[in-house]
Amino acid sequence: MGLETVATPQLWAISIAVLIGLLAADFVVTRRPHDVPMREAVGWSIFYLTLPAVFGLVLWQAYGSRPAIEFYTGFVVEKSLSVDNLFVFMLLLGAFAVPSALAQRVLLYGIAGALVLRGVFIAAGAAVLQAGTWAFLLFGAVLLLTAGKVMRDAARGEDHTVDIEQMRSVRMLRRFFPVTKDYQGSKMVVRQAGRRALTPLAVVVVAVFMTDIVFAVDSVPAVYGVTEDPYLVFATNAFALMGLRALYFVLRNALDRLRHLNHGLAIILAFIGVKLVLHWAHGVWPSLPEVPTLASLGFIALTLITVTITSMVANRREAAAAERVPVGSAPGDR
């Protein structure tokens, strides 16, 4: 079966050219490593939130409400999942002791690689969907299994962990290439003792890139659960990833306070998984209902708002309990 899309070859060409231009501008901005102040990070975050908002309006004007709502819904899904990515990126940067001035360059390299990787996954997903409606059942099963794992980990209170010594990509790089002990500014390859050597910056960039493969397995099917248009899937991923670098510096001090985020992400993934299964089942048994895209957007937004509020309430209760404990005493002494 053919997949319906709003994109023409010209629209694809323009979109890719704009994306490359934005990446080039980001590389220019980060050519001189520096600590990112909150004002700069907030400014870039607002810019990368304004772009998809305007893009959705353009879609609405040119193609009607359905593609625009699908885009907005897919963007919210992808953006919420990308916040979870930031937890792991934060741990990777800490594990590799990345200087704060180089953090934005590491994230930018990782995002550029992730965009290429997502493009491959999106094309593969489109090919699978064209093979038959059974693909919706497959994607739904993947998301339901992922949701179950995320919820189990969240219920157990298991935090994200990163063991760089166990990462195959890191071990392979260190096995075949010499790696300098110290960072050499923004350089990824230097000449040492007459031979080329990688810097720790190159290693952490590869680690970030390889880590995104895991996230792509979840996020691409999740957005295909919102829209079957490969172009819209690509656009939601591109807009979400492009704003990830700035969002990292805005949220890096608040990420650990979103304690219920994974619970919410598990619910969202399970919801989209069920939506995909219902979509497949509707093709077999037309009497079964499908979940409208606008209802999906409302459910996802409500879930994210709810887990944010519950996280804030839990944090306040914990802070209040800590204040009641006398200084110098352990909780068990009361």
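1. A salt bridge is counted where a side-chain nitrogen of Lys or Arg lies within 4 Å of a carboxyl oxygen of Asp or Glu. Arg-118 and Glu-78 form such a pair, with their closest N and O atoms 2.8 Å apart. This pair joins distant parts of the chain, since Arg-118 belongs to helix α4 (residues 103-131) and Glu-78 to helix α3, 40 residues apart. Helices are DSSP runs of H or I with at least four residues, numbered from the N terminus.

2. The structure is a predicted model, in which local features need pLDDT of at least 70 and side-chain atom pairs count only at pLDDT 80 or more, whereas totals for chains, interfaces and linings use all residues. Residues are numbered from 1 along each chain as its sequence is written, and side-chain values use heavy atoms, with hydrogens and water left out.

3. Buried denotes under 20% relative accessible area, exposed over 50%, and partly exposed the range in between (1.4 Å probe, protein chains only). Arg-118 is buried, at 2%, and Glu-78 is likewise buried, at 2% relative accessibility.

4. By the stated rule, the count of salt bridges is two. Arg-66 also forms one with Glu-70, the closest N and O atoms being 3.2 Å apart. These residues lie four apart in helix α3 (residues 65-95), and are therefore separated by about one helical turn. Arg-66 is exposed, with 61% relative accessibility, whereas Glu-70 is buried, with 10%.

5. Asp-26 is located in helix α1 (residues 9-29). Its relative accessible area is 1%, so Asp-26 is buried. Contact means heavy atoms within 4.5 Å. Apart from neighbours within four places in sequence, Asp-26 touches Trp-44, Tyr-48, Leu-108, Met-242 and Arg-245.

6. Helix α2 (residues 38-63) packs against helix α8 (residues 230-242) at an angle of about 160°, the axes being 9 Å apart. Axes are lines fitted to C-alpha atoms, for helices over the stretch in contact, and angles run from 0 to 180 degrees between N-to-C directions. From α2, the contact involves Tyr-48, Leu-51, Pro-52, Phe-55 and Leu-59; from α8, Tyr-231, Leu-232, Ala-235, Phe-239 and Met-242. By class, these are 10 nonpolar residues, with no polar and no charged ones. Nonpolar covers Ala, Val, Leu, Ile, Met, Phe, Trp, Tyr, Cys and Pro; charged covers Asp, Glu, Lys and Arg; the others, Gly among them, are polar.

7. Helices α4 and α7 (residues 200-224) pack at an angle of about 35°, with axes 8 Å apart. The crossing of α4 over α7 is right-handed, meaning that the near helix is turned clockwise from the far one by less than a right angle (left-handed if anticlockwise). The contact of α4 with α7 comprises 19 nonpolar, four polar and two charged residues.

8. Helix α5 (residues 134-155) and α10 pack at about 160°, with axes 7 Å apart, and are therefore roughly antiparallel. The crossing of α5 and α10 is left-handed. Their contact has 20 nonpolar, six polar and no charged residues.

9. Leu-265 is found in helix α10 (residues 261-284) and is buried, with a relative accessible area of 2%. Leu-265 and Ala-301 are 36 residues apart in sequence and 11 Å apart in space, C-alpha to C-alpha.

Notes:
Helices (H or I, at least four residues) and strands (E, at least two) are DSSP runs, numbered from the N terminus. Angles under 35 degrees count as roughly parallel, over 145 as roughly antiparallel, 65 to 115 as roughly perpendicular and the rest as oblique.
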